[in-house]
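Biologist: Before we go through the terms used for this fold, could you show me the model, so that each label can be set against its value?

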Amino acid sequence: MNPPSSPATAAAPHRKAQETATVPASAPTDRPLSLTRAGAVLHVRLTPAGPDSVLNSAVLDALTTVLDDLHDQPDIRILVLSSLGDDFCLGADRQEFQNALHGDPTGAALRRIAGKAERVCRALEDSPAVTIARLHGRVIGAGLALAAYCDLRAGADDTRFRMPEVGIGLAPAWGGAMGRLITEAGASRIRELMLTCDDFDASTAHQLGLLHKVAPLDALDDTITAWTRPLSRRSPGALHLTKRMLTGFARAARTSDTALLDAHLLAAQLAQPSR
């Protein structure tokens with residue numbers, strides 16, 4: 001992703017967005033996130049440490065800190081979430097899950113990790129800033145869940161999506177995303193995609209409402225800017241109140257939301273002996 005006009009910055013998870021050190025936006029980093037501030041827009045980029053972009057505890061902790069800090073930074077009106085990796089996100093870190101279960105067979109450590117996912121998703125939904133997901137490459141499992149909790153979503157036209165949980169022997173229990181996905185895209189199609197684990201493309205995601213905009217990869221930043229430029233000029237109070245109203249109506253549609261149970265469901269499933 002091309003850096004915005006202001007200096008690119010990267011921040012440790014415990015720092016606020018404005019307390020950053022300069023670093024090229026496209027450079028690899030050992031920190032889970034790269035933060036770049038451009039006026040009212042905060043660009044948050046996942047920075048995979050290895051070849052795969054996954055959501056481990058370090059990433060979840062960093063995202064939670066950034067999102068919580070926004071409540072004390074009303075001048076940031078928009079957050080754009082993207083990735084510096086070849087893919088937006090390949091899902092949860094299953095190796096971390098297995099390591100946690102091996103170290104603590106009771107599942108308590110695993111539940112704590114899974115509980116972080118629910119807090120990140122809730123923080124995205126409750127963020128005072130308008131959140132935008134910029135998607136490219138593959139968007140798999142928990143990566144799709146994370147994107148679904150953003151207010152607006154734009155993807156490159158060659159982006160691929162999949163919900164693989166059933167195929168690997170798990171129910172989709174990450175961050176309470178099932179209810180959010182159903183609200184955003186409809187129960188019928190989400191049911192099909194979750195049960196079949198079918199791969200689907202950006203055009204299908206657009207038809208479902210999982211993507212609001214689709215563009216060639218080299219035009220994706222322009223698509224994001226077409227949102228951020230006018231949003232930056234909107235009344236902060238009107239944006240915040242409208243987001244709260246939309247969130248309230250969306251949650252009202254999820255009357256049987258079981259998000260708080262997801263950590264327990266995931267731990268219980270992974271603790272079962274392999275057959």
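Biologist: At roughly what angle do the axes of helix α5 (residues 177-185) and helix α6 (residues 187-196) cross, and within what distance do they come?

Modeller: This is a predicted model, and in it the axes of α5 and α6 come within 7 Å and cross at roughly 130°.

Biologist: Why is α5 called oblique to α6?

Modeller: Angles over 145 degrees count as roughly antiparallel and those from 65 to 115 as roughly perpendicular; the crossing here is roughly 130°, and that makes α5 oblique to α6.

Biologist: Which residues of α5 and α6 meet, and how do they divide by class?

Modeller: On the α5 side the residues are Met-178, Leu-181, Ile-182 and Ala-185, and they meet Ala-187, Ile-190 and Met-194 in α6. Since Ala, Leu, Ile and Met count as nonpolar, the contact of α5 with α6 divides into seven nonpolar, no polar and no charged residues.

Biologist: What makes β7 and β10 edge strands in the sheet of three strands?

Modeller: That open sheet has the order β7-β9-β10, with mixed pairing. Both β7 (138-140) and β10 (200-201) have a single partner strand, so one side of each is left without a neighbour in the sheet.

Biologist: How do you know that β7 and β9 count as paired, and in which sense do they run?

Modeller: A pair needs at least two bridges, and β7 is joined to β9 (residues 160-162) over three bridges, in the parallel sense. Within this sheet, Ile-140 stands opposite Arg-162 in β9.

Biologist: What is the order of the sheet of six strands, and which strands are at its edges?

Modeller: The order is β3-β4-β5-β6-β8-β11, in an open sheet with mixed pairing. Its edge strands are β3 (33-38) and β11 (213-215), each of which pairs on one side only, and the twist from one strand to the next averages 20°.

Biologist: What is the volume of the largest pocket, and which residues are closest to its centre?

Modeller: The largest pocket has a volume of about 380 Å³. It is lined by 19 residues, of which Leu-90, Gly-91, Ala-92, Arg-94 and Ile-168 are the closest to its centre. By class, the lining has 13 nonpolar, two polar and four charged residues, with Gly counted as polar and Arg as charged.

Methods: Residues are numbered from 1 along each chain as its sequence is written. This is a predicted model: local features need pLDDT of at least 70, side-chain atom pairs count only at pLDDT 80 or more; totals for chains, interfaces and linings use all residues. Side-chain values use heavy atoms; hydrogens and water are left out. Helices (H or I, at least four residues) and strands (E, at least two) are DSSP runs, numbered from the N terminus. On a 1 Å grid over the protein atoms alone, a cavity is a set of points where a 1.4 Å probe fits but cannot get out, and a pocket is an open set with protein on both sides within 12 Å along at least five of seven lines; lining residues have an atom within 4 Å of a point. Grid points are joined across faces, edges and corners, and a volume is the space filled by probe spheres set on the points. Axes are lines fitted to C-alpha atoms, for helices over the stretch in contact, and angles run from 0 to 180 degrees between N-to-C directions. Angles under 35 degrees count as roughly parallel, over 145 as roughly antiparallel, 65 to 115 as roughly perpendicular and the rest as oblique. Contact means heavy atoms within 4.5 Å.
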